[in-house]
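Below are a few friendly notes to read alongside the model.

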Amino acid sequence: MTTLFHLPNHTLITLTGNDRHKFLHGFCTNDIKALPLHSSTEAFITNIKARILGHVFISSFEYTLHLHTVPQQADTLIPHLDRYLITEDVQLTNTTPTTSTFYLHGQPTIFESLTPNTATTQAHSHITRVDWLGSEGYLITLPTESQQSFLDLIDSAHIPLSDLQIFHQHRIAAGFPWFGQDISTDNLPQEVDRNDQAISFKKGCYLGQEPIARIDALGHVNKLLRRITIAAPFTTLPELPVSLIDPAMQKVAGVITSMASSPQSPEQTVALAIIAARFCKPKTSLMFASSQLATIQ
């Protein structure tokens, strides 16, 4: 079923100027120079020690690059990038306050009726595919003044508008991390285990590349983000983070960072956790505070 989610205050940073591709290419883990028009890619923005400053989705348009990420990231990412601007023709603009962001999960046939009516040629309006919830999905950004007309069209198309809690249920079940909750500046990109989606090991030099290349040469990291299931529902979810315990040694094996009722199986709970790599084999069972068993997926 096609469902629409509103993502309030979702950060949108707009890059303009002739050097925007070359500049951003030097500060994130994926290949921006080769990004085709009207397409998007996932990446991490890292510091010189390869610690994650942002988990971003970058879309390429004729005159702009759009950088999407979780709320309240413009105040971190714009100063970080701006300090490296010297003579490059690049402008960084926080367009979050003037835009509304939605995520459409499901089939895109509705776009045939939406596109002419959502002012997609206006500044900051675009639709780009990003499969955050485990299957086909689209990120839609439009000027705030167009939001109500867009929602009217959604209503007329009988597409339900769901709330943010349901969105997080689905993204946890799909194993999709949320920066600031599941991952942070404490993490290295390979620990998130989205190498295929977010890291190019063939691109040229960028800030943080050397530690990332060393990890690639070693072939492993000490901890990984994993999706886990708990074969029981919770009337009240525990306060996070929650430690995961190795039942054999009674030592901490990891930390649960996100948790929700399973959208597919209400009798189960789904979660994301950062877990020591030696415990990350699928079907491994760990315990947490309530003595419930959590199974690695």
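1. Is Thr3 buried or exposed? Thr3 is buried, because its relative accessible area is 10% (buried means under 20%, exposed over 50% and partly exposed in between, with a 1.4 Å probe and protein chains only). Thr3 belongs to strand 1; strands are DSSP runs of E with at least two residues, helices are runs of H or I with at least four, and both are numbered from the N terminus. Setting aside residues up to four places away in sequence, Thr3 touches Tyr103, Leu104, His105, Ile159, Pro160 and Ser162, where contact means heavy atoms within 4.5 Å.

2. A word on the basis of these notes. This is a predicted model, in which local features need pLDDT of at least 70 and side-chain atom pairs count only at pLDDT 80 or more, while totals for chains, interfaces and linings use all residues. Residues are numbered from 1 along each chain as its sequence is written, and side-chain values use heavy atoms, leaving out hydrogens and water.

3. Please look next at His6, which also sits in strand 1 (residues 3-6). His6 counts as partly exposed, because its relative accessibility is 27%. Beyond its neighbours within four places in sequence, His6 contacts Thr101, Phe102, Gln147, Leu161, Ser162 and Leu164. One of these, Thr101, is 95 residues from His6 in sequence, yet their C-alpha atoms are 6.3 Å apart.

4. Helix 7 (residues 209-218) has Pro211, Ile212 and Ile215 as its buried residues. They lie on the same side of helix 7, because they cover an arc of only 100° around the axis, taken from the directions from the helix axis to the C-beta atoms. Glu210 and Ala217 are exposed on the other side. Strand 3 (40-46) is part of what covers the buried residues. After helix 7 comes Gly219, with a positive phi near 90°.

5. Strand 4 (52-60) and strand 5 (65-69) each supply at least two lining residues.
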